[in-house]
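This briefing is meant for a reader who is meeting the structure for the first time.

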Amino acid sequence: MKRNYSIEELRALDQKHFLHPTSPVKTENGPAFIFTEGKGVYLYDITGKKVIDGMSSLWNVNIGHGRTELGEVAKEQMDKLAFSSCFATFSNEPAILLAEKLAGLAPGDLSTTFFTSGGSESNDSAYKLARHYWILKGEVSRKKIISRSKSYHGVAIGATSATGLKAFRDFTNSNAPDFLYVDHFSTKALRDLIETEGPETIAAFITEPVQGAGGVHVAPENYFKEIREICDEYGILMITDEVITGFGRTGKFFAMEHYNVVPDMMCFAKGVTSGYAQLGGVMISEKIHREFSELSVGTILHGYTYSGHPMACAVGLKNIEIIEKENLVANSAARGQELLEGLKALQAKYPFIVNARGLGLMAGLEVFSEGSLLAPQIVLEAAKVGLICRAVVLDGQDVVVFSPPLSISQAELKDLLNLLDKAIQEVENKITATTL
Ligand code: PMP
């Protein structure tokens, strides 16, 4: 029987029974928001407060909230076939059709998909498939995975070990062996590291096209072309992590299209279903797939119960249909331009904003104040006035990041920027008050 709980009861139960992901363990009054409903770019909480979801929740609700078509597709699929295995020689129609659809959308010859339930699993799968590839090729010493400083690849043991943001690795003090890191913008550092370690020991290089959780860092113009060349020169596999950047987030369907670079493997999750179901995957090139088919004598001994989940894949197909029909990739590019211009205008207005950057609807506002972090204060004030955004303070940074739904209208984007201006004004007022 469903009982009606008061807001206070829910807050208390949350504090007692719910250990939140990537959150403070202790909060004074329980959760800041208990969300109950979403519509378009807006979220509503249990007190009736309406906020703009300036983060698409976790960079993932690309089509916006409340699209009932996805629920309809999910129900239809669950009523028909809620689950069946994709192990051994079993398959299902939505998984096959989504894999085919992705092959048509992905850059170059990335045409085969290994499905997972999210980004971390996708990353771990990519590292394992890369190492397996080298075993098949007879180069068993190629085990090391190189990643970039300020990168975030998830929280499974492999994904955490590949994460450049050290605090995530230090949390458990148990890095997996054979993970190495290079400065996030220096191609020379990568070349030097490969030379020092020996190219015959390196399996793959992994990179986000735009670093997200690490503070929205857009790479220099020729960075990825040079990375591709270095990987080719030393025979190293290039893996891109498009978990945030995929499915229109940066104004292209996949962000690597901005750079005309095709990786050997590509991880995706989040935007593939806009968060309406748990799904991710790794796409592999035709060449790698061919090597697997021709050289493998046994079985791919790597698979999740939910790899190729029929309901999640059906939701993914419908989500992609919406992104295409409603031209959300083009909207992301156009609104992204306006978002960046708006942030630059705020930079011109407030002396403590030192940088505004972004690509498509993925943006960061870097702030600086001697002796105190401003981004968390801005995020707090923004929430008060009705805007959800996020602070990145790891690695000595102080950045507010944004990633609104790709469906955001021009008017809604203006609202977002106005609310942000109000929040920043509040923080400036406080700074002025304390320095007077
Ligand atoms: N890679 C990137 C680039 C991410 O941003 C994230 C999640 N924010 C992940 C991987 C991990 O995805 P998940 O939380 O779905 O495991």
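This is a predicted model: local features need pLDDT of at least 70, side-chain atom pairs count only at pLDDT 80 or more; totals for chains, interfaces and linings use all residues.

**Two helices side by side**

Helix α8, spanning residues 187-197, and helix α9, spanning residues 223-234, have axes that come within 10 Å of each other and cross at roughly 15°. An angle under 35 degrees counts as roughly parallel, and α8 is therefore roughly parallel to α9.

**The contact of α8 with α9**

- The crossing that α8 and α9 make is right-handed.
- On the α8 side the contact is made by T187, L190, R191 and I194, while α9 contributes Y223, E226, I227, I230 and Y234.
- Sorted by class, the residues of this contact between α8 and α9 are six nonpolar, one polar and two charged.

**The seven-stranded sheet**

- Seven strands, in the order β4-β12-β11-β10-β7-β5-β6, form an open sheet whose pairing is mixed.
- At the edges of this sheet are β4, covering 110-116, and β6, covering 179-182, each of which pairs on one side only.
- With direction ignored, neighbouring strands of this sheet are turned by 25° against each other on average.
- Within the sheet, strand β10 (residues 237-241) and strand β11 (residues 265-268) run parallel and are joined by three bridges, and T240 stands opposite M266 in β11.
- Helix α10, made of residues 286-295, packs on the sheet and touches β4, β11 and β12 (280-285), with a direction that makes about 85° with that of β12.

**The four-stranded sheet**

- A further open sheet is formed by four strands in the order β13-β14-β17-β16, and here the pairing is antiparallel.
- Its edge strands are β13, residues 353-358, and β16, residues 390-392, and each of these pairs on one side only.
- Strand β17, residues 399-402, runs antiparallel to β16 and is joined to β16 by three bridges, and R390 has V401 in β17 standing opposite.
- Helix α12, residues 328-349, packs on this sheet, where α12 touches β13, β14 (363-367) and β17, and the direction of α12 makes about 175° with that of β13.
- Helix α13, residues 375-385, also packs on the sheet, touching β14, β16 and β17, and the direction of α13 makes about 175° with that of β16.

**The contact of α12 with α14**

- Besides packing on the sheet, α12 packs against helix α14 (residues 410-435) at an angle of about 20°, and the two axes lie 10 Å apart.
- Because of that angle, α12 counts as roughly parallel to α14.
- The crossing in which α12 passes α14 is right-handed.

**An annotated region**

- An unreviewed UniProt entry carries the annotation "coiled-coil region" for residues 406-433.
- In the model, the span of residues 406-433 is 86% helix and 0% strand, and the C-alpha atoms at its ends lie 38 Å apart.

Technical notes: Residues are numbered from 1 along each chain as its sequence is written. UniProt positions are given in the numbering used here, feature names are shortened, and annotations may be inferred rather than shown by experiment. Two strands pair if DSSP finds at least two bridges between them. Two residues are in contact if their C-beta atoms, placed from the backbone, lie within 7 Å. Axes are lines fitted to C-alpha atoms, for helices over the stretch in contact, and angles run from 0 to 180 degrees between N-to-C directions. Angles under 35 degrees count as roughly parallel, over 145 as roughly antiparallel, 65 to 115 as roughly perpendicular and the rest as oblique. A crossing is left-handed if the near helix is turned anticlockwise from the far one by less than a right angle, and right-handed if clockwise. Ala, Val, Leu, Ile, Met, Phe, Trp, Tyr, Cys and Pro count as nonpolar, Asp, Glu, Lys and Arg as charged, and the others, Gly among them, as polar.
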